[in-house]
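Here is a short note for a colleague who is opening this structure for the first time. Please keep the view at hand while reading.

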Amino acid sequence: MGYSVEVCHHCKRIFNYPGFGSMYCPECLKIDEENKNKVKEFLRDHGNANMYQIALATGVSEKDIKQYLRDGMLEIPDGSPIYIKCENCGCDIRSGRWCPSCAARMSNDLKSAYAGVGDVPKEQVTGKMRFFGKRNQDENRGRKKRK
Ligand SMILES: [Zn+2]
Ligand SMILES: [Zn+2]
């Protein structure tokens, strides 16, 4: 753990990443926080709105809304026509990166990776999985560099 230099996923500026949380620089985090709340409030009142209507009403771009969904910052309520795609099998999901069955399969893979370490509580696996997923690319990148 500790700070590392990362590129903000939003504005592509370099910032000090504290080792946890979203890959956004502090400025984008602030804007994202406001945007996310706007979308959340709008969805609370208009759960059936589509992406275009949300973007129009909140001033948040559809691209950003999708990014919030991917990051799990936002969740689409039941009854909404909005879906995003599972990054693994491409089926429709409402939040995060994978559908429940792909997420379960990945957490199983992870569990067997932990098999030698002992039993990992389910909650911890879920937490690690999300974290693992986010950091995975960067760790791979780091590993390649080191070789
Ligand atoms: Zn940024
Ligand atoms: Zn899937």
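**Notes on the model**

1. Layout. Read from the N terminus, the elements of the protein chain follow the order β-β-α-α-α-β-β-α-α. That gives five helices and four strands. Helices (H or I, at least four residues) and strands (E, at least two) are DSSP runs, numbered from the N terminus.

2. Ground rules. This is a predicted model, in which local features need pLDDT of at least 70, side-chain atom pairs count only at pLDDT 80 or more, and totals for chains, interfaces and linings use all residues. Residues are numbered from 1 along each chain as its sequence is written, while chains are lettered from A and ligands numbered from 1 in the order in which they are written.

3. Confidence. pLDDT is the predictor's confidence in each residue, from 0 to 100. The protein chain averages 79, and 76% of the residues score at least 70. Where pLDDT is low, the predicted coordinates should not be read in detail.

4. Strand 1 (residues 4–7) pairs with strand 2 (residues 14–17) in the antiparallel sense, over four bridges. Strands count as paired if DSSP finds at least two bridges between them. Glu6 stands opposite Phe15 in strand 2. Six residues lie between the strands of this hairpin.

5. Which residue in the loop between strand 1 and strand 2 deserves a look? Lys12 lies there. Lys12 is not a glycine, yet has a positive phi of about 65°. Most residues other than glycine have a negative phi. Lys12 is exposed, with 9 other C-beta atoms within 10 Å.

6. Burial. A residue is buried if 20 or more other C-beta atoms lie within 10 Å of its own, exposed if 12 or fewer, and partly exposed in between; C-beta atoms are placed from the backbone. Of the 147 residues of the protein chain, 14% count as buried.

7. Core. The largest nonpolar core has eight residues, among them Val39, Ile54 and Leu69. Helix 1 (26–45) and helix 3 (62–70) are the elements that give two or more residues to this core. Such a core is a set of buried Ala, Val, Leu, Ile, Met, Phe, Trp, Tyr and Cys residues joined through C-beta atoms within 7 Å.

8. Contacts. Two residues are in contact if their C-beta atoms, placed from the backbone, lie within 7 Å. Neighbours within four places in sequence aside, Leu69 is in contact with Leu74, Ile76, Ile84 and Ser95.
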